[in-house]
Amino acid sequence: MQFQQLQYFVAVAETRHFTRAADVVHVAQPSLSQQIKALERELGADLFLRARGNITLTDAGEALLPLARRILADADTARHEVLELVQLRSGRIRLGATPSLCTGLLPDVLRAFHDRYPGIRLLIEEGGSHDLVRELARGALDLALVVLPLPTPSPALTTVELLREDLVVVSSPEAPAPGRGRTVRISDLEGERLVMFRHGYDLRELTVAACRAEGFEPDFAVEGGEMDAVLGFVRAGLGVAVVPRMVATKSGRGLRVTPLARPGLHRTIALAHRSDVAPPRAARELQRMLLER
């Protein structure tokens with residue numbers, strides 16, 4: 001049974017005339033008649049009683065008609081929904097990002113994307129790069145913003161570098177300024193109480209590694225927080241923290257922001273997706289906007 005045969009059958013059933021039905025479906029009448037006969041042979045039953053000037057449905061035709069209409073309607077719905085997706089009128093994007101990027105980079109880009117494609121649902125999952133890589137690999141995310149290098153290199157993922165971001169030191173304006181001038185050296189953090197992110201946070205590993213490279217273990221005043229909590233603890237004067245410049249700029253009210261002395265600390269942000277599966281059209285459009293921001 002072919003989809004086209006059902007179209008022809010419904011046209012004849014509705015017009016009760018083979019020639020008029022052929023005009024409706026834009027096909028030659030002999031071709032339409034041949035397809036109807038082929039459908040009848042496959043079903044093993046006549047669908048029409050053919051008399052000159054009088055075409056009526058048989059019992060088999062009456063039984064098939066509502067089913068054929070439903071099949072054609074479902075196919076039209078499927079075609080419409082796919083077209084909506086292709087034209088970015090509906091759909092969803094499952095995007096993973098580290099909490100600092102959700103605070104700093106994403107709000108402006110996602111607002112611009114939503115203004116352009118209001119029918120696309122944005123599903124955001126926050127997590128560290130290790131967690132996001134795992135979610136990408138199992139197909140739970142379409143795209144993820146991760147910090148390079150990846151915690152575990154994965155040949156199954158494709159990454160595109162997005163930006164290289166400076167890190168800065170934030171502290172409470174009511175506390176003594178860290179360092180000895182307009183910049184802070186990593187070595188100046190020895191003896192400072194640090195507000196530290198939870199385990200698995202890229203910024204935690206980067207800061208701890210930088211301190212150890214200078215020959216000391218960092219002293220934690222508070223640890224285990226997400227970005228908003230860390231900034232809140234710093235505002236309260238519990239200690240200082242190393243955070244991305246973008247976050248400090250957007251969330252800097254009530255904070256003193258001090259650059260790190262050269263060479264400073266940096267992190268590289270990349271867009272990642274599975275290598276074996278192309279991201280959906282909507283996700284590719286968001287990827288383009290992120291790369292062109």
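Four aromatic pairs are found in this structure, which is a predicted model. Two of them are described below, followed by a look at the chain as a whole.

**The F9–F48 pair**
- The ring centres of F9 and F48 lie 5.5 Å apart with the planes at 50°, so this pair is tilted.
- Because F9 sits in helix α1 (residues 3–15) and F48 in strand β1 (residues 48–51), the pair ties together parts that are 39 residues apart in sequence.

**The F197–Y201 pair**
- Here the planes of F197 and Y201 meet at 10° and the ring centres are 4.5 Å apart, so the pair is stacked.
- F197 is buried, with 1% relative accessible area, and Y201 is buried as well, at 3%.

**The chain as a whole**
- You will find 11 helices and 11 strands in the protein chain.
- Its radius of gyration is 31 Å, well over the 19 Å from the globule rule for 293 residues, so the chain is more spread out than a compact globule.
- Along the principal axes, the C-alpha atoms fill a box of roughly 105 × 35 × 30 Å.
- Of the contacts with a separation of 6 or more, 74% join residues 24 or more positions apart.

**Surface and charge**
- Buried residues account for 43% of the 293 residues.
- The chain exposes about 15,400 Å², with 50% of that supplied by carbon and sulfur atoms.
- There are 37 positive and 36 negative side chains, and the centres of the two sets are 4 Å apart.

Technical notes
Residues numbered from 1 in each chain as written. Predicted model: local features only at pLDDT ≥ 70, side-chain atom pairs only at ≥ 80, totals over all residues. Heavy atoms only, no water. Phe/Tyr/Trp six-rings, centres within 6.5 Å; stacked < 30°, edge-to-face > 60°. Helix = DSSP H or I, 4+ residues; strand = E, 2+ residues; numbered from the N terminus. Buried < 20%, exposed > 50% of the residue type's maximum accessible area, 1.4 Å probe, protein only. Rg over C-alpha atoms; globule rule 2.2 N^0.38 Å. Contact = heavy atoms within 4.5 Å. Areas by Shrake-Rupley, 256 points an atom, 1.4 Å probe, with all protein chains shown as cover. Lys, Arg positive; Asp, Glu negative; His and termini not counted. Charge placed at Lys NZ, Arg CZ, Asp CG, Glu CD.
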